[in-house]
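Please read them alongside the structure itself.

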Amino acid sequence: MNRTQELSGQLSAATGDMPTYQIRAPTAALPQGVVMAASPGSLHSPQQLAEEATRKRELRLMKNREAAKECRRRKKEYVKCLESRVAVLEVQNKKLIEELETLKDICSPKTDY
């Protein structure tokens, strides 16, 4: 702050007014080779960003293919297990029906006329 601004600020403070300051444009630009720091993502070129996006997409698609393959394998295993269980239950049902018929024949009174 220069001396004029300092006196103006003191005068304004004494009278209760807000101090006024003049904003000046910078006199010198950044030296050559100096780069302002930004977010890490903005330091890549558009080509690098596109390659990174492509790589991430390919990785995601590969993981998705593997997950789908595993899901289909588990589903086949599940269906095979169900089919096996159906076969066992059909055999058991057939035996129970035969046993029921046998018991009906034994228990029902024979009527001879």
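Predicted model: local features only at pLDDT ≥ 70, side-chain atom pairs only at ≥ 80, totals over all residues.

1. Arg 55 is partly exposed at a relative accessible area of 45%, where buried means under 20%, exposed over 50% and partly exposed in between, with a 1.4 Å probe and protein chains only. The side chain of Arg 55 meets that of Glu 52 in a salt bridge, with 2.8 Å from N to O, the term being used for a side-chain nitrogen of Lys or Arg within 4 Å of a carboxyl oxygen of Asp or Glu. Glu 52 is likewise partly exposed, at 34% relative accessibility.

2. Residues are numbered from 1 along each chain as its sequence is written, and side-chain values use heavy atoms, with hydrogens and water left out.

3. The secondary structure of the chain comes to 2 helices and 0 strands, taken as DSSP runs numbered from the N terminus (H or I of at least four residues for helices, E of at least two for strands). Helix H2 covers residues 46-107. Of the 113 residues in the chain, buried residues make up 3%. The chain exposes about 11300 Å², of which carbon and sulfur atoms supply 59%, with areas from the Shrake-Rupley method and a 1.4 Å probe, and with only the protein chains shown counting as cover for residues.

4. Which residues does Arg 73 pair with in salt bridges? One partner is Glu 70, at 2.5 Å from N to O, and another is Glu 77, where the closest N and O atoms are 3.0 Å apart. Salt bridges that share partners join Glu 70, Arg 73, Arg 74 and Glu 77 into one network. Within helix H2, Glu 70 is 3 residues from Arg 73 and Glu 77 is 4 residues from Arg 73, so each pair is separated by about one helical turn. Arg 73 is partly exposed at 42% relative accessibility, as are Glu 70 at 32% and Glu 77 at 48%. A search of the whole structure finds 4 salt bridges.

5. Lys 69, Arg 72, Lys 76 and Lys 80 gather in a surface patch of positive charge. Patches are made of residues with over 30% relative accessible area and no salt bridge, like charges being joined within 9 Å and nonpolar side chains (Val, Leu, Ile, Met, Phe, Trp, Tyr) within 5 Å. Lys and Arg count as positive and Asp and Glu as negative, while His and the chain ends are not counted; the place of a charge is taken as NZ of Lys, CZ of Arg, CG of Asp or CD of Glu. Lys 76 lies in helix H2 and is exposed, with a relative accessible area of 64%.

6. A nonpolar surface patch of about 280 Å² is made by Tyr 78, Val 79 and Leu 82. Val 79 lies in helix H2 and counts as partly exposed, at 35% relative accessibility.

7. How many disulfides does the structure hold? The count is 0, where a disulfide is a pair of cysteine sulfur atoms within 2.5 Å. Cys 71 counts as partly exposed at 41% relative accessibility, whereas Cys 81 counts as exposed at 52%.
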